[in-house]
Amino acid sequence: MELSALIIFTSGFFALTSFLITIWNWQYLDRLRLCPSNELFGDTDVSITVLIPARNEGKNIGEVLTALSYQTYINYDVIVLNDDSEDDTAEIVDQFLTSDLEIQLIDGESIPKGWLGKNWACHQLMLKADGDYILFIDADTVLHEDTIKAAVNEAIVEKSDLLTMIPARCANNFIERTLYGFIDWAIYAWLPLQLAHLSKNSYLSASYGQFMLFKRESYILSGGHKKIKDVAVDDLGLGRLIKSSGLRWTLKDGTNMVTSLPYNDILETVKGVSRSLAPALNYRISLILLISFFLMGLFFAPVFNLYFYVINGDHFEFLEILSLVTIFLLLGSYLLSCKRFSHSLFVVLFIHVTVIFMILIAYHSLLSNLLRVASWKNRNMVIKKLKF
């Protein structure tokens with residue numbers, strides 16, 4: 001078999017695989033649901049501490065805390081850690097200290113050697129928390145008024161040690177919309193979630209820092225942020241810790257309950273995505289190269305095969321049919337993913353451009369870690385070294 005034919009067959013196989021996983025996840029992945037009040041496990045019985053690390057979040061923190069003040073759940077408190085902010089983050093949080101929201105503001109201590117900033121901030125927050133459950137949210141995450149009530153009920157019913165949710169994502173620009181559509185597709189079309197929930201394999205998981213509800217003793221048992229103090233993608237790291245500790249990890253569709261606010265501009269968007277890619281792929285050069293070649297073959301081999309068919313005037317044979325089917329399967333899985341997570345369906349038309357852009361960002365992530373210049377919010381993010 002010629003190499004070109006082998007590539008087309010391989011692309012078709014993986015396109016079919018992604019489409020079937022998408023259909024499977026469409027049926028399996030549940031949205032967080034509100035139960036009638038008489039089915040709730042009692043506000044007074046389960047206490048929640050909401051933990052928010054905040055560094056230079058003056059633009060967002062007011063909206064985040066306002067949403068928390070409207071929660072229909074009763075037995076919860078909030079702790080915000082001001083992580084050496086250079087803007088008015090602390091001043092805005094101060095305005096809520098005299099409100100009805102039960103809230104504390106603490107100042108972060110200097111980062112010890114070997115720790116990344118956010119992980120250290122979250123570790124300090126945990127030491128102040130005394131709830132039965134602890135909820136980590138990012139300082140750019142807005143919760144629906146019923147989110148905590150629904151999440152606590154779901155966590156108890158499902159006996160979850162960690163309940164995390166895929167958020168709805170706001171976007172300021174078209175680049176951000178296309179990237180978010182691809183990121184959600186990469187999980188939704190390639191991670192069979194029912195299998196991930198049943199499997200003990202820690203790498204069969206995807207956790208989201210915008211919403212991570214832990215049973216307190218489970219967080220402590222897993223080792224928490226102290227165990228992943230140098231891991232740049234703390235949400236993925238914590239999810240894997242929970243599973244590797246033999247505990248129950250649960251993922252829900254939270255697009256109706258949790259909203260992630262947008263980045264400030266395109267440059268910040270690119271840096272935000274870039275800072276996570278190399279760590280998410282375990283800092284492995286070979287894995288980044290393999291995935292980039294895989295994506296190029298998957299999305300472009302069928303297109304090029306049809307292009308050469310058109311310019312050469314060849315007969316429409318099996319490989320051309322397979323190429324066409326492959327394209328429709330990929331577009332189908334991408335379309336379903338965008339529809340499920342409320343992305344503009346218009347971004348599907350730009351899928352090939354998005355793939356190229358994501359690969360370029362992946363190599364940017366690779367180079368910035370290789371040169372040890374990867375940073376976020378004026379802090380260096382490089383502790384771990386790249387591996388082949």
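## Terms and basis

Axes are lines fitted to C-alpha atoms, for helices over the stretch in contact, and angles run from 0 to 180 degrees between N-to-C directions. Helices (H or I, at least four residues) and strands (E, at least two) are DSSP runs, numbered from the N terminus.

This is a predicted model, in which local features need pLDDT of at least 70, side-chain atom pairs count only at pLDDT 80 or more, and totals for chains, interfaces and linings use all residues. Residues are numbered from 1 along each chain as its sequence is written, and side-chain values use heavy atoms, with hydrogens and water left out.

## Helix 12 and helix 14

Helix 12 packs against helix 14 (residues 351–370) at an angle of about 165 degrees, and their axes are 11 Å apart. That angle makes helix 12 roughly antiparallel to helix 14; angles under 35 degrees count as roughly parallel, over 145 as roughly antiparallel, 65 to 115 as roughly perpendicular and the rest as oblique. The crossing of helix 12 past helix 14 is left-handed, a term used if the near helix is turned anticlockwise from the far one by less than a right angle, with right-handed used if clockwise.

Contact here means heavy atoms within 4.5 Å. On the helix 12 side the contact includes Ile 285, Leu 289, Met 296 and Phe 300, and on the helix 14 side it includes Ile 351, Val 355, Ile 359 and Tyr 363. By class, the residues of this contact are 15 nonpolar, two polar and no charged. Ala, Val, Leu, Ile, Met, Phe, Trp, Tyr, Cys and Pro count as nonpolar, Asp, Glu, Lys and Arg as charged, and the others, Gly among them, as polar.

The axes of helix 12 (residues 285–312) and helix 13 (residues 318–340) come within 9 Å and cross at roughly 140 degrees. The two helices are therefore oblique to each other, and helix 12 passes helix 13 in a left-handed crossing. Among the contact residues are Leu 298, Pro 302, Leu 306 and Tyr 309 in helix 12, and Leu 319, Glu 320, Leu 324 and Leu 330 in helix 13. The residues of this contact divide into 10 nonpolar, three polar and one charged.

Helix 1 (residues 3–28) packs on helix 12 at an angle of about 115 degrees, with the axes 9 Å apart. Helix 1 and helix 12 are therefore roughly perpendicular to each other, and helix 1 passes helix 12 in a left-handed crossing. Helix 1 contributes Ile 7, Ile 8, Ser 11, Phe 14 and Ala 15, while helix 12 contributes Phe 294, Gly 297, Leu 298, Ala 301, Pro 302 and Asn 305. This contact has eight nonpolar, three polar and no charged residues.

An open sheet of seven strands has the order 3-2-1-4-8-6-9, with mixed pairing; two strands pair if DSSP finds at least two bridges between them. Strand 3 (103–107) and strand 9 (249–253) are the edge strands, each pairing on one side only. From one strand to the next the twist averages 20 degrees.

Strand 1 (residues 48–54) and strand 2 (residues 76–82) run parallel and are joined by seven bridges, with Val 80 in strand 2 as the bridge partner of Ile 52. Strand 2 also runs parallel to strand 3, over five bridges, and Asn 82 stands opposite Asp 107 in strand 3. Between strand 2 and strand 3 the chain passes through helix 3 (residues 89–94), and this β-α-β crossover is right-handed, which is the case if, with the strands pointing away from the viewer, the path from the first strand over the helix to the second runs clockwise.

Strand 4 and strand 8 are antiparallel and share four bridges; Phe 136 has Met 212 in strand 8 as its bridge partner. Strand 6 and strand 8 also pair in the antiparallel sense, over three bridges, with Leu 162 partnered by Phe 214 of strand 8.

## Helices across the sheet

Helix 4 (residues 117–128) lies across strand 1, strand 2, strand 3 and strand 4 (133–136), at about 150 degrees to strand 1. Helix 10 (residues 234–244) lies across strand 6 (162–166), strand 8 (212–215) and strand 9, running at about 30 degrees to strand 8.

Strand 7 pairs with strand 10 (residues 258–260) in the parallel sense over two bridges, and Ala 168 stands opposite Thr 259 in strand 10.
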